[in-house]
Each structure stands twice: as C-alpha cells, then as structure tokens.
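Okay, everyone, thanks for coming. Let me put today's model up on the screen, and then we'll walk through it.

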Amino acid sequence: WEFNGSFYQPPAFLMMGIPGLEALHHWISIPFCALYLIALLGNCMILFIIKKTQSLHEPMYYFLSMLAVTDLGLVLCTLPTTLGIFWFNMRRIGFDACLTQMYFIHILSFIESSVLLAMAFDRFIAISHPLRHPSILTKTTVIKIGLAIILRGMVSLLPIPFLLKRLTYCRKTELSHSFCFHPDIMNLACADIKVNVFYGMIILLSTVGMDFIFIVLSYILIIKTVISLATKEECLKALNTCVSHICAVLVFFIPMIGLSMIHRFGKNVPPLVNTLVAYTYLIIPPALNPIIYSIKSSHIREALLRALWRKSE
C-alpha cells in the first residue's frame with residue numbers, strides 16, 4: 001500500500017460484489033431481487049394488517065410493527081448499492097455517502113436488537129403476569145420504549161463517523177462488501193485504530209451483547225413460569241406464543257455475531273465466506289421475519305386471509 005505519511009482521505013471507496021463470481025453477477029441478482037421483494041412486500045403487509053385490524057392493536061403487534069419498520073430500513077439502506085453492483089457494476093461510493101450508509105445500517109441493526117429484547121420482555125410479562133400485562137405495557141409505555149430504543153441507537157453510534165473521519169487512509173480503497181461496514185472501513189486506515197476498535201467493541205457489547213443476554217434471561221424466566229403451569233396443554237400453548245420470536249432472534253443474532261467475529265478475528269477466512277455471512281446478516285432476517293410471523297401467528301394469518309377475501313369479492 002502506498003502511503004507517504006501525510007493525511008489522506010479518499011474521495012470514494014470501491015465496493016465489492018461476490019468475489020470470484022463477478023461474471024455471474026447478473027444471474028446472482030435474481031435471488032437477491034426475490035429476497036428484497038419478499039422483504040419489502042412482506043414487511044409492508046405486516047404493517048398494513050396491524051394498522052387495519054383493531055384486534056391487533058396490542059403491545060406484541062406494536063413491537064412487531066417496529067421490527068417491520070426496522071427491517072424495511074435495512075433493506076432500503078443496502079438495496080441501491082447491492083443491486084447497483086450486480087446490475088450496472090457501480091462500485092464507487094463517495095466517502096461521506098459511505099459513512100452515512102454505515103451509520104444507518106448500524107443504527108438499524110442496534111434498533112432491531114433492542115426491539116427483539118422488548119418483544120422478549122412483552123412475552124415474559126404476558127406469560128408470567130397475564131392479568132397485569134395490559135396495565136404494565138400500555139400504549140404510552142410502548143411509545144416511550146420505542147423512542148428510547150431509537151435514541152439509544154443514535155446516541156451510542158454518533159461518534160463512529162467522526163472517529164473514522166479523523167483517520168488517514170492508505171491508497172487501497174476497496175471494501176469487502178456491497179455496503180459500508182464500520183470494521184471494513186476502519187481496516188483500510190494507515191493510522192492507529194485502537195480507539196475505533198475499543199469504542200466499537202464497547203458499544204457492541206453494551207448494546208447488542210446486553211440485549212442478547214437479557215433475551216436469554218427472559219426465556220429462562222419464561223421457562224420457569226411455564227414449567228410451573230398445571231397441564232401440558234397450558235405449557236405448550238404458552239411456549240407456542242414465543243416460537244416466532246425465538247426464530248426471529250436466532251435469524252438475527254447468529255449471522256450478526258458471525259460477521260463481527262470474522263471482521264475482528266477471521267483474518268484467514270475466505271472472502272466468499274465473509275461476503276455470504278454479511279448478506280445473510282442484512283438480507284435474510286428482513287425477508288424471513290414476515291414469513292415467520294405470518295406462518296406462526298394465527299392472528300396475523302387470519303387477518304391476512306380476511307384482507308385477501310375482501311379483495312377477491
């Protein structure tokens with residue numbers, strides 16, 4: 001890498017598609033378009049059904065609406081650059097535009113993590129204290145939780161773009177993905193990045209890491225409550241209300257943890273594996289979450305069938 005010791009900030013970065021498969025990008029774009037379309041239509045459908053169905057105006061579905069909005073945001077953040085590379089080989093992205101995309105991707109990821117924690121808390125209250133559930137999670141309380149989640153993500157990540165702008169960069173400007181990711185940009189610097197690494201790790205552990213720990217604790221308490229129920233049928237009915245949420249948690253956290261570990265410790269991991277994990281992290285959850293909740297939630301499914309039935313008449 002060329003570096004003459006003076007401050008250098010590249011005017012733009014070059015994004016990467018799928019390494020080694022550049023000649024097949026047009027064909028590869030077909031499943032990506034399908035996933036993006038499913039994510040957009042599915043999450044819009046969830047929001048429409050919850051808004052139009054009065055019986056779904058309760059905390060569980062308010063949090064599901066927040067999850068759908070967050071997933072839509074993630075899709076809209078990555079869709080232009082990903083399909084721009086696959087369709088038109090548009091690899092160039094301006095430095096400030098890259099930092100902006102990175103900031104919103106990380107904010108939305110942190111918000112999704114916090115929403116999943118709020119949903120776990122809702123399930124715990126609904127199963128452990130069913131009579132007190134409406135009085136604990138009122139509409140006002142849900143709104144306050146939503147605002148706190150957004151504020152937490154925005155404030156905790158606000159220093160990240162400024163920490164990146166202070167660095168001097170090498171002449172190599174090629175990113176590892178078709179979107180901007182903090183560790184990816186940071187590793188292109190020719191300066192001491194200890195502050196960036198330390199702050200990024202602290203924020204990740206104190207937000208997403210703590211969210212995951214509290215989600216696990218919530219389910220430990222839920223299981224203890226379910227075990228104390230009188231009949232097997234009651235146990236299964238209570239656990240069945242959590243299946244959708246458990247699937248959403250696994251779909252989100254497994255690839256996110258994998259991608260974080262690869263960027264920090266997986267120096268010898270093949271680029272293709274890194275790329276596939278990144279796409280799994282940002283595209284699969286927004287596409288799968290509406291499907292999971294449509295299949296497992298009888299209320300969502302019935303409302304969808306009613307909406308389709310009215311349109312067919």
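So, in which kind of crossing does α2 pass α3, left-handed or right-handed? It's left-handed, as in the near helix being turned anticlockwise from the far one by less than a right angle.

Quick housekeeping. This is a predicted model, with local features needing pLDDT of at least 70 and side-chain atom pairs counting only at pLDDT 80 or more, while totals for chains, interfaces and linings use all residues. Residues are numbered from 1 along each chain as its sequence is written, and side-chain values use heavy atoms, with hydrogens and water left out.

Back to that pair. Helix α2 covers residues 59–88 and α3 residues 95–128, and they pack at about 160° with axes 9 Å apart. The axes are lines fitted to C-alpha atoms over the stretch in contact, with angles from 0 to 180 degrees between N-to-C directions. The two helices are therefore roughly antiparallel, a label for angles over 145 degrees.

Zooming out, the protein has 12 helices and two strands; those are DSSP runs, H or I of at least four residues for helices, E of at least two for strands, numbered from the N terminus. The order along the sequence is β-α-α-β-α-α-α-α-α-α-α-α-α-α.

The C-alpha trace spans about 70 × 45 × 35 Å along its principal axes. And how much is buried? Of the 313 residues, 49% are, meaning under 20% relative accessible area with a 1.4 Å probe, protein chains only.

Definitions and conventions:
Parallel < 35°, antiparallel > 145°, perpendicular 65-115°, else oblique. Buried < 20%, exposed > 50% of the residue type's maximum accessible area, 1.4 Å probe, protein only.
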